[in-house]
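Please keep the sequence and the structure in view while reading.

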Amino acid sequence: MNDHLLRVLDREAGIRGFACVTTALSEEAICRHHAAPMAGAVLSQGLTGAALLGATLKVRQRMAVKVQGSGPSGKLAAESDAYGRVRGYVSAPDFASPQAVTPESMAAAIGHNGLLTVTKDVGLKDLYQGVVSLQSGRLDEELTHYLVRSEQIPSAVEIGVAVDENDWLTHAGGLLLQALPGADEKRLRVLLERLDDLPPLATLLRDGETPYQTLAALFRDGEMSVLEERPLAFSCSCSRERTRKALQMIGAAEIRSLMDEGQAVIECHFCHEEYIYGVEELGEILADETAI
Ligand SMILES: [Zn+2]
């Protein structure tokens, strides 16, 4: 099943639902970051959370989730946009837990002390930022808490990561239910009860259940209209042009010292792409800079 996200709406009740598969983009991120199983599972949770929150954005908007927890996986950062492009990293990708990958051990890897920050670029002059304290380290619970507390939208997030016998990720995906203003609260409670009654998302994903099937099991009886299905992919916005601009900003003395070293290597945090600048190109950047 290709990575994708489905957006549905129960018009009468004013409740929207999102469900996604993020297996391939998680695998690509794990591979790019050479992440150990536990760190990779945590990274996958972050990417899935960002994909879900990104689906609530409008065209040209972008968002970032940052979790700075007390656990050994370190800082988790994930970003997404309204087009299903997702990227992210963990600061300790080589963290190898002695425990098997489970929702509890992933929560311990993140840690239950710390902060979750969501930043949104909605195209205005200032960025929107919301911060909440971590409660349990379970990322889906933390995101639910953020949406309810900071954005004040009744919501429920569930993220599922399934692994094989060696703890390598085999499936990943997520689900988000949200009440729109004036939503039917009774109906929302029914949906949340049904969500509680469903098997864990990791199990559904492992069984090959699609986002459509998962959402249909919640909304039932033709109450939901499918609004959109969009592909999701690991995609980084870094480029040679951008790193060149960054080099132009560091100043002539710094560029000269890089030229003395023989080259400059700029590595992107998010995707590990390396941009290498030789002496000749650094000379051109220096000439451009001194010409300004
Ligand atoms: Zn990159």
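The C-alpha centres of domain 1 and domain 2 are 36 Å apart. Domain 1 covers residues 4–234 and domain 2 covers residues 240–291, with bounds that come from an automatic or database domain assignment. The model is predicted, so that local features need pLDDT of at least 70 and side-chain atom pairs count only at pLDDT 80 or more, whereas totals for chains, interfaces and linings use all residues. Residues are numbered from 1 along each chain as its sequence is written, and side-chain values use heavy atoms, with hydrogens and water left out.

The interface between the domains may be considered next. The size of an interface is often given as the accessible area lost when the parts come together. Domain 1 and domain 2 bury about 630 Å² between them, 60% of it on carbon and sulfur atoms; this buried area is the accessible area (1.4 Å probe) that two parts lose on being put together, summed over both. Seven residues of domain 1 are in contact with five residues of domain 2, contact meaning heavy atoms within 4.5 Å.

One salt bridge is counted between the two domains. A salt bridge requires a side-chain nitrogen of Lys or Arg within 4 Å of a carboxyl oxygen of Asp or Glu. Glu 273 and Arg 32 form a salt bridge through their side chains, at 4.0 Å from N to O. On the side of domain 1 that touches domain 2, strand β5 (residues 85–90) supplies the largest share, three residues. Strands (E, at least two residues) and helices (H or I, at least four) are DSSP runs, numbered from the N terminus.

Strand β10 (residues 225–231) contains Leu 227. Is Leu 227 buried, partly exposed or exposed? Leu 227 is partly exposed because its relative accessible area is 37%; buried means under 20%, exposed over 50%, and partly exposed in between (1.4 Å probe, protein chains only). Apart from its neighbours within four places in sequence, Leu 227 is in contact with Arg 7, Val 8, Leu 9 and Arg 11. The C-alpha atom of Leu 227 is also 7.7 Å from that of Leu 6, although 221 residues separate the two along the chain.

Helix α3 (residues 103–110) has Ser 105, Met 106, Ala 107, Ala 109 and Ile 110 as its buried residues. These buried residues pack against α2 (37–54), β3 (62–69), α4 (139–149) and β8 (155–163). Gly 111 follows α3 and has a positive phi, near 95°.
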